[in-house]
Amino acid sequence: MKNRLKVLRAERDWTQADLAVALGVSRQTVNAIEKGKFDPSLPLAFKAARLFKMAIEEIFQDEPQKP
Amino acid sequence: MNRSIIGSDACSPESAKSSAQLLVWVFIWTATMVLADKGMAYQWWTEKWITVAAIVVNTALGVGMITFFVSYLRKMDELQRKIQLEALAFAMGCGLVGSFTYSLLVTAGFIVETEIGDIILLMTVTYMAAIIVGRVRYR
């Protein structure tokens, strides 16, 4: 799953630690989500959407799986 | 929301404190187990009630350790919990497969001595290795 967390965070001049505190997760988790290594749960995705005042699909985009 | 570990790094003071507390629990439980085991084996005491007390204290500390570990897991965020889950599954699988292989080797006569401590050691090592691999993988 692709996401725009890194871009949105940079636009606000937030560090990964700032975003981690705002989302109530560890900095490692924010880093893993930004790098696409870990897909967040639906509640965490909603939390991010509320934080950035955007729709979930504007932040997270599904990537079609390769056959 | 519990914030004792979340909102921080895996190496943050809060996380390190919780990990240290868990280590203290494990150490105390292991120490009382060794004390009870060696005490009975080498007859450091002869009174039955001391043996019973040693077993009861060790079991109670074991329950305390499990309770602490569960609350430790609940304080983690979803990625940290995923790493723990994968590590626990790997350690349990290795322990299960390892113990059956061990049993077969004993039946086949390749191994004479069977020690439950070897399986515990295997599970501990595989758990710790899996935690390190998980942290590196999601770094």
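The largest share of the lining of the largest cavity comes from α3(B), with 3 residues. The model is predicted.

**Exercise 1.** Describe the largest cavity: its volume, its lining and the elements behind it.

*Solution.* 
- Step 1. Start with the count. The structure holds 1 cavity of 30 Å³ or more.
- Step 2. Give the volume. The largest cavity has about 40 Å³.
- Step 3. List the lining. Q28(A), M76(B), Q80(B), I83(B), Q84(B), I131(B) and R135(B) surround this space.
- Step 4. Assign elements. Two or more lining residues come from each of α3 and α4 of chain B.
- Step 5. Sort by class. The lining has 3 nonpolar, 3 polar and 1 charged residues.

**Exercise 2.** Describe the largest pocket: find its volume, its central residues and its main contributor.

*Solution.* 
- Step 1. Take the volume. The largest pocket holds about 1400 Å³ of space.
- Step 2. Look at the lining. It counts 32 residues. Nearest the centre of the pocket lie V26(B), M123(B), T124(B), Y127(B) and M128(B).
- Step 3. Assign elements. In chain B, α1 (13-41), α2 (48-74), α3 (78-108) and α4 (116-137) each give two or more residues to the lining of the largest pocket.
- Step 4. Pick the main contributor. α4(B) gives the most, with 13 residues.
- Step 5. Sort by class. The lining of the largest pocket divides into 24 nonpolar, 6 polar and 2 charged residues.

**Exercise 3.** Explain why the largest pocket lies where it does relative to the domains of chain B.

*Solution.* 
- Step 1. Chain B is divided into domain 1 (9-75) and domain 2 (77-139).
- Step 2. Check the lining against them. Domain 1 and domain 2 of chain B both contribute residues to the lining of the largest pocket, so the pocket lies between them.

**Exercise 4.** Characterise the interface of domain 1 and domain 2 of chain B by separation, contacts, buried area and salt bridges.

*Solution.* 
- Step 1. Find the separation. The C-alpha centres of domain 1 and domain 2 of chain B are 20 Å apart.
- Step 2. Count contacts. In chain B, 6 residues of domain 1 are in contact with 7 residues of domain 2.
- Step 3. Interface size is often given as the accessible area lost when the parts come together.
- Step 4. Apply it. Domain 1 and domain 2 of chain B bury about 540 Å² between them. Carbon and sulfur atoms carry 54% of that area.
- Step 5. Look for salt bridges. The rule finds 0 across the interface of these two domains of chain B.

Technical notes:
Residues numbered from 1 in each chain as written. Chains lettered and ligands numbered in written order. Predicted model: local features only at pLDDT ≥ 70, side-chain atom pairs only at ≥ 80, totals over all residues. Heavy atoms only, no water. 1 Å grid on protein atoms, 1.4 Å probe; cavity = no way out; pocket = protein on both sides within 12 Å on 5 of 7 lines; lining within 4 Å. Points joined across faces, edges and corners; volume = space filled by probe spheres on them. Helix = DSSP H or I, 4+ residues; strand = E, 2+ residues; numbered from the N terminus. Nonpolar A, V, L, I, M, F, W, Y, C, P; charged D, E, K, R; others polar. Domains from an automatic or database assignment. Contact = heavy atoms within 4.5 Å. Buried area = accessible area lost by both parts, 1.4 Å probe. Salt bridge = Lys/Arg side-chain N within 4 Å of Asp/Glu carboxyl O.
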